[in-house]
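Welcome! Here is a short tour for anyone meeting this structure for the first time. Please take a look at it before reading on.

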Amino acid sequence: MQLTPERDARPPLRVHRVEAPEVPFYRPDIGQEEIDEVVATLRAGWLTTGPRARRFEECFRAAVGARHAVALNSCTGALHLAVEALGLDAGAVVVVPTMTFAATAEVVRYRGAYPLLTDCDERTLHLDVADAERRLERWPGATDLAGNVVPERVAGVIPVHVAGSMMDLDGVSRLAERHRAWVVEDAAHAFPAAWRRTERNGWRRCGEGGSRVACFSFYANKTITTGEGGMAVTDDGELAERIRRLSLHGLTLGAADRYSQSGRPDYEITAPGYKYNLTDIAASLGIHQVARAESMRVRRQRIAERYLAAWHDLDELELPPVDPNRIHAWHLFPVRLHLERLDADRDQILVDLKERGVGCSVHWKPLHLHAYYRERYGWRPEDFPVATRVWRRLVSVPLFSAMSDAEVEHVAETVREVCRRHAR
Ligand SMILES: Cc1ncc(COP(=O)(O)O)c(C=O)c1O
């Protein structure tokens, strides 16, 4: 698949005005091909993991430029199996950003290991590598604020490509190398996406050899969807095999191997595995979503460009950064409110936007502010000053390829109107 850099010239978005529509936060972009493929799967009669799941893996593997891909029923499952296949156990620390979704850190807990939360970079919201270094100097071997002894051994780092813009993988790799740790990318938002070091370097796609494993999500609101679904990609064949086995109870043979005409009935249980395999029904969607992924990304990029142009002069908003060295998946469009210039807080702005037909969300309330991480590890808001400060300002507005031009204009106008209404 060809990714198209940001600055390619493309026709502008068409603009026409209609009566205020209701714009949901997200609506999936499902074409006739996906519908036909699901129907064909239902008619073929093989519903669970089988030939379509294999085809989906092959298309996805080729699209990101990885050697191996294992289709799973969520990105959470992919992250879990990646850290388990890499040998993560209790008694190790894993660096995890606090600015992320529950899944990134909970998979570390599934293994009984210690998720060492790290603050985020103010501009990008990515894991702050310098802050991670400071925490790694201080915490391993020390006692945390809830009285837990933080393990000495550092096993890994799980960076998150927030909103679909990849983080600098060189910085993460250096951090990991210094601690002889692995890197597993949480790429839930980042298909298709790419980065390059400088304009003189070539593009590297997300999933193309940046880390031991990269994990993608095909949840209903992601850039491509299978309803629920995920993919673990890696260049390491043995690791891929371990992940595949663990995804199906640790069995040596999957159902397709056992029940097909040429299949063998016996299998061996080699590990206490899980049930994370992707069905052929879901894979039927995925095969066609991968084929349309770049055209859907380009549509999201056009919409993002429209928002950037529409709001560039709004003093009440800070717009997301755009980097010439990134091909942005544009999964999310998170704006930040300048609260000192508004007479309302973020939650009131969300209410006003929703009342005017603009579905919004927040990505994210950082992990350290949630009950589990507060109580289990004793983290306080002031331990993560950037994430604590920034999340109160965050609003994610609708950005999805199935948006009509009228919906885009409705969001553009409504955000401006709500900001101006609350301007001090
Ligand atoms: C950053 C991040 N990681 C992981 C996940 C989990 O993805 P899934 O729902 O496919 O398990 C999400 C889901 O929204 C996410 O945003």
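This is a predicted model: local features need pLDDT of at least 70, side-chain atom pairs count only at pLDDT 80 or more; totals for chains, interfaces and linings use all residues.

## Before we start

## The chain as a whole

The C-alpha trace spans about 70 × 60 × 45 Å along its principal axes. A compact globule of 424 residues would have a radius of gyration near 22 Å, and the chain agrees, because its own value is 22 Å.

How much of the chain is buried? Of its 424 residues, 47% count as buried. Contacts also reach along the sequence: among those between residues at least 6 apart, 75% join residues at least 24 apart.

## Around the ligand

The ligand has 14 residues around it, and those that come nearest are Ser-74, Cys-75, Thr-76, Ala-188 and Ser-217. Helix H3 (75-85) and helix H4 (102-110) are the elements that give two or more residues to this shell. Sorted by class, the shell has 6 nonpolar, 7 polar and 1 charged residues.

In soluble globular proteins, nonpolar side chains tend to be buried together. In this model, the largest nonpolar core has 124 residues, of which Ala-82, Val-94, Cys-215, Met-231 and Ala-232 touch the most other members. Helix H9 gives the largest share of this core, 10 residues.

Leaving aside its neighbours within four places in sequence, its contacts include Cys-75, Ala-78, Leu-79, Ala-82, Ala-188 and Ala-232. Cys-75 is also one of the residues that come nearest to the ligand.

## Helix H13

Helix H13 covers residues 405-421, which makes 17 residues. From its first C-alpha to its last it reaches 24 Å, close to the 24 Å expected at 1.5 Å a residue.

Which residues of H13 are buried? They are Glu-407, Val-408, Glu-409, His-410, Val-411, Ala-412, Val-415, Val-418 and Cys-419. An α-helix has 3.6 residues a turn, so residues three or four places apart point the same way. The cover over the buried residues of H13 includes helix H9 (280-310), strand S10 (317-318), helix H10 (346-355) and strand S13 (394-397).

Let us finish with some loops. Val-160 is in the loop between strand S4 (153-157) and helix H6 (169-178). Val-160 counts as buried because 24 other C-beta atoms lie within 10 Å. Apart from its neighbours within four places in sequence, Val-160 is in contact with Pro-97, Thr-100, Thr-104, Leu-127 and Asp-186. Val-96 is 64 residues away along the chain, yet its C-alpha atom is separated from that of Val-160 by 8.5 Å.

Arg-392 sits in the loop between helix H12 (385-391) and S13. It has 14 C-beta neighbours inside 10 Å, so it counts as partly exposed. Beyond its neighbours within four places in sequence, Arg-392 is in contact with Leu-339 and Arg-346. Is Ser-260 buried or exposed? Ser-260, in the loop between helix H8 (255-259) and H9, is exposed because 12 other C-beta atoms lie within 10 Å. Ser-260 and Glu-228 are 32 residues apart in sequence, and their C-alpha atoms are 26 Å apart in space.

Note on methods
Residues are numbered from 1 along each chain as its sequence is written. A residue is near a molecule or strand if its C-beta atom, placed from the backbone, lies within 6 Å of it. Helices (H or I, at least four residues) and strands (E, at least two) are DSSP runs, numbered from the N terminus. Ala, Val, Leu, Ile, Met, Phe, Trp, Tyr, Cys and Pro count as nonpolar, Asp, Glu, Lys and Arg as charged, and the others, Gly among them, as polar. The radius of gyration is taken over C-alpha atoms; the globule rule is 2.2 Å times the number of residues to the power 0.38. A residue is buried if 20 or more other C-beta atoms lie within 10 Å of its own, exposed if 12 or fewer, and partly exposed in between; C-beta atoms are placed from the backbone. Two residues are in contact if their C-beta atoms, placed from the backbone, lie within 7 Å. The expected span of a helix is 1.5 Å times one less than its number of residues. A nonpolar core is a set of buried Ala, Val, Leu, Ile, Met, Phe, Trp, Tyr and Cys residues joined through C-beta atoms within 7 Å.
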